[in-house]
Amino acid sequence: MSRFSDDEFVPDDDVDDYDNLDEYDELPDDEDDYDDDDLEDAGEDEIDFVVALYNDDGERTAVPMEPMLANDLDELITQLRRLPGDAGAVGMVSIDHQFYVIVRVRGRNVQVFLSDSTQANDWPIARDVADFLGEDIPDPDDDPETMGDGDMLADAGVGEFDMEAFAEADEDSDEILADIAARVHFGPQFERAANTSVR
């Protein structure tokens, strides 16, 4: 039986708060390294899905979102803020079965997680995550590592250790996100939304 009530995704007091997002608005001096102009957007055939999870008046809900949000972190955050979640929303993006991005938005509090930081060399949304976090883009030949807030779902039973383990799992990214959704008690809702998404 879950120890979580209908208030899943309610932040703990010690969750990092990004109240001042202005600090992420400026690129570092080597902004050319963070220029998305040299990266092609993921096409619809490369976007597995974009799905949002939220609680609406105590009801767990998952909805497919516009596929092209998989290329624009800022717009994804904007659209997640518009959902009627009691305590914000979680967005899940899977690209080409290779990597995923999770975004949790609660008002002005935004947390992001990228399963493989080396993907920032090839995909706009992965580059956006590195930009948002102010992180350097690793060499494409580096070993894959996660980037971002691994504890974003800790209050729903998936801690940082779990997030790291999921990212290292020998499964496609869409399957891993399905596993994570199930762990936070949105399994059936997620499956329905993902199956009506892009592919």
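Modeller: Let's take Ser115, which is buried because its relative accessible area is 7% (buried is under 20%, exposed over 50%, and partly exposed in between, using a 1.4 Å probe and protein chains only). Bear in mind that this is a predicted model: local features need pLDDT of at least 70, side-chain atom pairs count only at pLDDT 80 or more, and totals for chains, interfaces and linings use all residues. Residues are numbered from 1 along each chain as its sequence is written, and side-chain values use heavy atoms, with hydrogens and water left out.

As for its place in the chain, Ser115 belongs to the loop between strand S5 (109-114) and helix H2 (124-133). Helices and strands here are DSSP runs numbered from the N terminus, with at least four residues of H or I for a helix and at least two of E for a strand. If you skip the neighbours within four places in sequence, Ser115 is in contact with Phe99, Tyr100, Glu145, Thr146 and Ala167; contact means heavy atoms within 4.5 Å. The Ser115 side chain also reaches the backbone nitrogen of Tyr100, at 2.9 Å. That makes a polar contact, meaning N or O atoms within 3.5 Å; within protein, one must be able to donate a hydrogen and the other to accept it, and residues adjacent in sequence count only if both atoms are side-chain atoms.

Rings of Phe, Tyr and Trp (its six-membered ring) pair if their centres lie within 6.5 Å; planes under 30 degrees apart are called stacked, over 60 edge-to-face, and the rest tilted. That rule gives three aromatic pairs. One of them is the edge-to-face pair of Phe49 and Phe190, with 5.3 Å from centre to centre and 85° between the planes. It links distant parts of the chain, since Phe49 is in strand S1 and Phe190 in helix H5 (residues 187-195), 141 residues apart. Both Phe49 and Phe190 are buried. Phe99 and Trp123 are both buried.

Now step back to the sheet. It is an open one of six strands, ordered S2-S1-S3-S4-S5-S6, with antiparallel pairing. Strand S2 (59-64) and strand S6 (147-148) are the edges, each pairing on one side only. Two strands pair if DSSP finds at least two bridges between them. Strand S1 (residues 47-56) is joined to S2 by six bridges, with Val51 opposite Pro64 and Asp56 partnered with Glu59. With strand S3 (residues 89-95), S1 pairs over seven bridges, also antiparallel, and there Ile47 stands opposite Ile95. Nine of the ten residues of S1 are buried, so S1 is largely enclosed by the rest of the structure.

Most residues other than glycine have a negative phi. Asp57, in the S1-S2 hairpin with two residues between the strands, has a positive phi near 55°, and it counts as exposed at 71% relative accessibility. Asp96, in the loop between S3 and S4, has a positive phi near 50° and is partly exposed at 25%.

Finally, the packing. A nonpolar core is a set of buried Ala, Val, Leu, Ile, Met, Phe, Trp, Tyr and Cys residues joined through side-chain atoms within 4.5 Å. In the largest one, with 31 residues, Leu76 and Val103 touch the most other members. S1, helix H1 (73-81), S3, strand S4 (99-106), S5 and H2 each give two or more residues to this core, and H2 gives the most, with six. A second, separate core has 25 residues, including Val51, Ala156, Val184 and Phe186.
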